[in-house]
Amino acid sequence: MATQPAGIPDLIPHYIDGERVASVDGDTFGVLNPVTNEDYTRAASGKQADIDLAVAAATRAFHEGPWPRMKNRERARILSRIADIVESRDQELAQFESWDSGLPITQAKGQAQRAAENFRFFADLIVAGRDDTYKVPGTQVNYVNRKPKGVAGLITPWNTPFMLESWKLGPALASGCTVVLKPAEFTPLSASLWAGIFEEAELPRGVFNLVNGFGETAGDALVKHPDVPLISFTGESSTGKLIFGNSAPHLKALSMELGGKSPAVVFADADLDAAIDSTLFGVFSLNGERCTAGSRILVERSVYDEFVERYAERAQRIVVGDPADPKTEVGALVHPEHFDKVMSYVQIGKGEGRLLAGGGRPEGFPEGNYVAPTVFADVAPDARIFQEEIFGPVVSITPFDSDEEALELANNTKYGLAAYIWTNNLKRAHLFSQNVEAGMVWLNSHNVRDLRSPFGGVKASGLGHEGGYRSLDFYSDQQAVHITLGDVHTTRFGASADH
């Protein structure tokens, strides 16, 4: 068992208007380590009063402060400094993230680097950015005036929390918005580092505010606040529906990246070695707690037996261990509540498929939120483990006989976030990709994304897209300005000589 990283505070405070503060009512909640399930610190528990203070600070900073009125280059300099600081602290960030979430330390280090890249990318984008101009020669010029929307409410999940926070903070700040961040209650530790990073980078006071707390209290108050015109949320689909309903009275702008049950489709002509490597990584990395996990593997019948045998054999050899050990490939799930949920699906799966690996606690780990990498084969498309998001190291494998059946199986859930297609047939690859119901498709690869491309899902997997210019579009209003250059030809109401 690793020792607790240095520098963890006794209380993780809110950060409002440049100050680290306790909750107005003094309430706190315990934050646990997933390996021991014992509290190692406490966090301030935000309510309506704390959200009100944070939104008021962000509103003042938006209307009276320099941030929205800065030139893009000035904002970009600060964003680039943020990226440099995040990069320089990757060791501390990774240790905090691993300790708080159970994420293997080697994977946590990668998240810190990606967080830095998110800020660097949006710094570059706003400097190089352009907006449309249209002209009718001698008659009219039309141009787009882009303006930040205001106070952005950002609600983030507990899987890879720091990186996913950066994914929202980067474009929101780049656009000139001010923000109130509500991190997930299970994993508030790494979010507490943002305040110091932003202070060191000289982000103006009040532009960034953070309120810890539960979704039902702090999150709900942020969603319903009349002075927060836009909400960006990443989390499960049922919570997304609640946020959608609660935002409706204020007609808020919404960007929601929700759950997934993504198919990985392996055709007989695929490079089987590469497909096995990728589909193992795609569901068991990040402890299986990833929205884009390829947790339904569909395999063509002629290679099905070989694939299943080789896949299960590799899954049995995955190294489960202390998240702080660099050799660990799967660590502890984030929280006992989530552990119980995943284990309940493992039990359900035993009645729905052929268990080939895992199926319970790994040997030698009687305590903590450890689930052995679990593989079920011969899973029917109406099985719960085929249809429902488990969000853990559990995978179902199903055979198919034709391209048509593969597509039908791939589309046969309420979700539509990602899809992974493995084939060396170019025509099939493109036709299948264009017909699969998924916001993102990877061909003969896994989850490596160009930050310029759109990120988002269809069906129950989300609303709207972020990434590149689409992120800036979400955090900005695009005002059309029309200028007439020639004579104005207007029908003259009320100018008739006949009365």
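**Entry 1: terms before pockets**

I began with the words I would need: on a 1 Å grid over the protein atoms alone, a pocket is an open set of points with protein on both sides within 12 Å along at least five of seven lines, while a cavity is a set where a 1.4 Å probe fits but cannot get out. Lining residues have an atom within 4 Å of a point. Grid points are joined across faces, edges and corners, and a volume is the space filled by probe spheres set on the points.

I noted that this is a predicted model, in which local features need pLDDT of at least 70 and side-chain atom pairs count only at pLDDT 80 or more, while totals for chains, interfaces and linings use all residues. Residues are numbered from 1 along each chain as its sequence is written, and side-chain values use heavy atoms, with hydrogens and water left out.

**Entry 2: the largest pocket**

I looked up the largest pocket and found about 920 Å³ of space in it. Its lining has 32 residues, and Trp158, Phe233, Gly235, Glu236 and Thr239 lie nearest the centre. Which element gives the most to this lining? I found that α7 does, with five residues. At least two residues each come from α7 (215-224), β11 (230-234), α8 (237-247) and α11 (336-350); helices (H or I, at least four residues) and strands (E, at least two) are DSSP runs numbered from the N terminus. By class I have 13 nonpolar, ten polar and nine charged residues in the lining of the largest pocket. Here Ala, Val, Leu, Ile, Met, Phe, Trp, Tyr, Cys and Pro count as nonpolar, Asp, Glu, Lys and Arg as charged, and the others, Gly among them, as polar.

**Entry 3: the cavities**

I searched the whole structure and got six cavities of 30 Å³ or more. The largest cavity holds about 140 Å³. Of its 13 lining residues, Lys168, Thr234, Glu257, Phe455 and Glu466 are the closest to the centre. I saw that α5 (161-174), β11 and β12 (253-257) each supply at least two residues of that lining.

Next came the second largest cavity, at about 80 Å³. I noted 13 lining residues here, with Ser278, Gly282, Gly294, Tyr420 and His446 closest to the centre. Helix α9 gives the largest share of this lining, four residues. The lining of the second largest cavity has four nonpolar, eight polar and one charged residues.

**Entry 4: a sheet and its helices**

I then traced an open sheet of seven strands, in the order β15-β16-β17-β14-β13-β18-β19 and with mixed pairing; two strands pair if DSSP finds at least two bridges between them. At the edges I found β15 (354-357) and β19 (440-443), each pairing on one side only. Strands β13 (residues 263-266) and β14 (residues 296-300) run parallel and are joined by four bridges.

Contact means heavy atoms within 4.5 Å. Axes are lines fitted to C-alpha atoms, for helices over the stretch in contact, and angles run from 0 to 180 degrees between N-to-C directions. I also found helix α13 (residues 403-410) lying across β13, β14 and β17, at about 150 degrees to β17.

**Entry 5: the record**

In the model, residues 26-481 are 41% helix and 20% strand, with end C-alpha atoms 49 Å apart.
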